[in-house]
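Reader: Please show the sequence and the structure. I will then ask about particular places in the model.

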Amino acid sequence: MAQVQNQRLEVGKGEISGYISIFLSIMALASMFCFYYPEKLTTPEFREIYTAQHMQLLLKTVVICAFFFALLSFLLSKKVKWALIGSSIAGVAIIMGALKVQGSVVEKSDWYFGLDWMLLDLLLMTIIFIPIELFFPKNKNQTKFHAEWRTDLVYFTISHLFIQVFGIITQKPAVLFFGWIGLDKVHLWIQQLPFLIALVLTFVVTDMFQYWAHRIFHNHVYLWRFHSVHHSTQHMDWLAGSRTHFVDIFFTRAMAFVPLYVLGFPPAVFNIYIVFIAIHAVLIHSNTRINFGFLKYIFATPQYHHWHHCEDPKHYGKNFATVFPFIDKMFGTYYLPGNVWPEGTGVHESQFPKGFIKQTLYPFTKSPFDNNLDMEERSTR
Ligand SMILES: [Zn+2]
Ligand SMILES: [Zn+2]
């Protein structure tokens, strides 16, 4: 599709530092709301991990960095535009109390949005992936500000803000179907296992469940409509993986949660798994040519997952596993040709809806019994 491509930003021109300043200042401003309304805008599970002191320190650092990058932008570009926007927003954050805000005792609330989770994850992901994509890009012509980056950011925002809803619905099926079985003996056995074995077991069993959930979404016409949203990205980057329909998220995560629940892994194992998946899922979509040497035969890499997103129907139906390529080997869906990457990614429908709302509604606009699909879709997805 002919699309007006924005220019990729170049290092040393003051534009990147300008955008970093604006980004950090918006982060600082948004985090002020977490301090003002912690009951409604922060996550109880995360409040147990961090303290108000941690967050105050982080907030101050972010504000100082916003000013630092504003200055850098001005010095490099000799333009005041980005520096002015960045430092103005950071200034508003300071007026709102960013440098002297104190944490307070937080009351329990029945409902909350995960604004803290969203901001912290966004900050961590940008720190890791912006430099990787900047210095080791796969597609050198692709800019972060491509045609659909806002759509992907909306997906990222929604899936983080609604962490409570996603968490509850994800865990329901496992509890409903398996909660009534006496699992105490299984849990006891699992908790006696050496840590490393429990960890490997968690990863393998969960990935196996994830593999089949994913494959089912490809092979059933109606489910494919939900999953095709994830495949519709033509610009693979670290934010693109966020583009997933909520039905897809619920079902796939619920499937992955079944073995975790049934086997009852210790919390430490569970937490390592969650952190690994959060970073790894972003990595495999990112626009980087880093290929991880021999590790690419053990763990799914960007190249591996980009092939899963290949737009050429010839390569549909490959690399369903999220973490372990050997699972695809086992079930005959493995594809990783040397150092070759797919030409393009995306779905083959020229009219695929654009934007969060249209894409969210799209699967519901067709009858579940309608099998009349395009040739491409009917092929080996
Ligand atoms: Zn897929
Ligand atoms: Zn993907």
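Reader: Is I94 buried or exposed?
Author: This is a predicted model, in which local features need pLDDT of at least 70, side-chain atom pairs count only at pLDDT 80 or more, and totals for chains, interfaces and linings use all residues. Residues are numbered from 1 along each chain as its sequence is written, while chains are lettered from A and ligands numbered from 1 in the order in which they are written. I94 has 20 C-beta neighbours inside 10 Å. The class is buried if 20 or more other C-beta atoms, placed from the backbone, lie within 10 Å of the residue's own, exposed if 12 or fewer, and partly exposed in between, so I94 counts as buried.

Reader: Which residues does I94 touch, not counting residues up to four places away in sequence?
Author: I94 is placed in helix α5, residues 81-95; helices are DSSP runs (H or I, at least four residues), numbered from the N terminus. Two residues are in contact if their C-beta atoms, placed from the backbone, lie within 7 Å. With residues up to four places away left out, I94 touches V63 and L99.

Reader: How are α4 and α5 oriented to each other?
Author: The two helices, α4 and α5, pack with their axes 8 Å apart and at an angle of about 160°. Axes are lines fitted to C-alpha atoms, for helices over the stretch in contact, and angles run from 0 to 180 degrees between N-to-C directions. Angles under 35 degrees count as roughly parallel, over 145 as roughly antiparallel, 65 to 115 as roughly perpendicular and the rest as oblique. The angle therefore makes α4 and α5 roughly antiparallel.

Reader: How many charged residues are in the contact of α4 with α5?
Author: By class, the contact has 12 nonpolar and three polar residues. Ala, Val, Leu, Ile, Met, Phe, Trp, Tyr, Cys and Pro count as nonpolar, Asp, Glu, Lys and Arg as charged, and the others, Gly among them, as polar. The number of charged residues in the contact of α4 with α5 is no charged residues.

Reader: What is the handedness of the crossing in which α1 passes α4?
Author: The axes of α1 (residues 15-36) and α4 (residues 52-77) come within 7 Å and cross at roughly 155°. The two helices α1 and α4 are therefore roughly antiparallel. A crossing is left-handed if the near helix is turned anticlockwise from the far one by less than a right angle, and right-handed if clockwise. For α1 passing α4, the crossing is left-handed.

Reader: And what is the handedness of the crossing in which α10 passes α12?
Author: Helix α10 (residues 195-219) packs against helix α12 (residues 246-263) at an angle of about 150°, with axes 9 Å apart. Therefore α10 and α12 are roughly antiparallel to each other. The crossing of α10 with α12 is right-handed.

Reader: Where is N319, which has a positive phi although it is not a glycine?
Author: Phi of N319 is about 55°. N319 is buried, because 25 other C-beta atoms lie within 10 Å. Its place is in the loop between α14 and α15 (325-330).

Reader: Is F292 buried or partly exposed?
Author: F292 is in the loop between α13 (267-283) and α14 (302-308), and its phi is near 65°. With 15 other C-beta atoms within 10 Å, F292 is partly exposed.
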